[in-house]
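Thanks for coming. Please have the viewer open.

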Amino acid sequence: MQTQTMAELKAKGERPDILFWVGCAGSFDQRAQRITKAFASILNRAGISYAILGREESCTGDPVRRAGNEFLFQMMAFQNIQMLNSYEIKKIVTACPHCFNTLKNEYPELGGNYEVIHHTVFLQQLIDDGKIKLKEAGNFKGKTITYHDSCYLGRANHIYEAPRKILEALDADLTEMGRCRSKGMCCGAGGAQMFKEEEKGATRVNFERTREAIATGAGIIASACPFCNTMLTDGVKNGEKEEQVKVMDIAEIVAASIE
């Protein structure tokens, strides 16, 4: 099913129920594109009316604000808000916690007021409402999964239960790392660190975090952030555990488990 843009729907006089905000990683990073496709496939299977901005979508400005360029952030934010308001957007769903946090908590003071939902919460709602059904003896039944809390999803927005409830619905064995939930450890990408060289130290943050995940004995590290996914995947490669441990987004896990 072809995903439609807001411009295409507007030309037909139609308006979707939700805007799927794809984000920079989900648009341009080859690994994160698989997350985007997985989530879009779920929306299609569930019969959700949605659209994307396509070429009209640009970065929310999160990285430049974290890096200290407030002027550029406001320029980018105003441009996005003007675009969103021109389409009379009311509800936004995104698979990126960085986009989620910025759109939800930082755009209102600049005139961008929307209902913003992270894809893990949206997926849990679809499961609870019966709009998608998971296989009883699915691909992940009995498998050991550990979940990594994204900083912008967990500590910044207190979303801890939705992703875990989804994993529990798979009949998977969910095992927690020592540092989880409100005491979860950063993957090393936040605060615009994704785009710069790290400071010198004994080890990289993502290597340390991945070691904690691997130590649980889990065969799958579940994440809900494309940045976290990249950092954890690099950590698994560094630990030479690529054959034993897979890093997957919650959307990919759900997409592989739908009846």
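**Rings and pockets**

Start with F122, which has 6% relative accessibility and therefore counts as buried, the cut-off being under 20%. Keep in mind that what you are looking at is a predicted model.

Now find F39. Its relative accessibility is 0%, so F39 is buried as well.

Why pick out these two? A pair of aromatic rings is described by the distance of the centres and the angle of the planes. Searching the whole structure gives 3 aromatic pairs. In one of them, the ring centres of F39 and F122 are 6.4 Å apart and the planes stand at 75 degrees, so this pair is edge-to-face; the cut-off for that is over 60 degrees. F39 belongs to helix α3 and F122 to helix α7, residues 119-128, so the pair ties together parts that lie 83 residues apart in sequence. There is also F20: ring pairs link F20, F39 and F122 into a cluster.

On to the pockets. Rolling a probe the size of a water molecule over the atoms shows where empty space is left.

How big is the largest pocket in volume? The figure is about 420 Å³. Two elements, α2 (23-28) and α3 (30-46), each give two or more residues to its lining. In total, 19 residues line the largest pocket, and V22, G26, S27, I52 and G54 are the ones nearest its centre. Sorted by class, the lining has 9 nonpolar, 7 polar and 3 charged residues.

Next, the second largest pocket, which holds about 340 Å³ of space. Which residues lie nearest its centre? They are G188, Q193, E198, N206 and M231, out of 16 lining residues. Here α9 (205-215) and α10 (226-238) each supply at least two residues of the lining. The largest share, 3 residues, is from α10.

What does the lining of the second largest pocket look like by class? There are 3 nonpolar, 6 polar and 7 charged residues.

Definitions and conventions:
Residues numbered from 1 in each chain as written. Predicted model: local features only at pLDDT ≥ 70, side-chain atom pairs only at ≥ 80, totals over all residues. Heavy atoms only, no water. 1 Å grid on protein atoms, 1.4 Å probe; cavity = no way out; pocket = protein on both sides within 12 Å on 5 of 7 lines; lining within 4 Å. Points joined across faces, edges and corners; volume = space filled by probe spheres on them. Helix = DSSP H or I, 4+ residues; strand = E, 2+ residues; numbered from the N terminus. Nonpolar A, V, L, I, M, F, W, Y, C, P; charged D, E, K, R; others polar. Phe/Tyr/Trp six-rings, centres within 6.5 Å; stacked < 30°, edge-to-face > 60°. Buried < 20%, exposed > 50% of the residue type's maximum accessible area, 1.4 Å probe, protein only.
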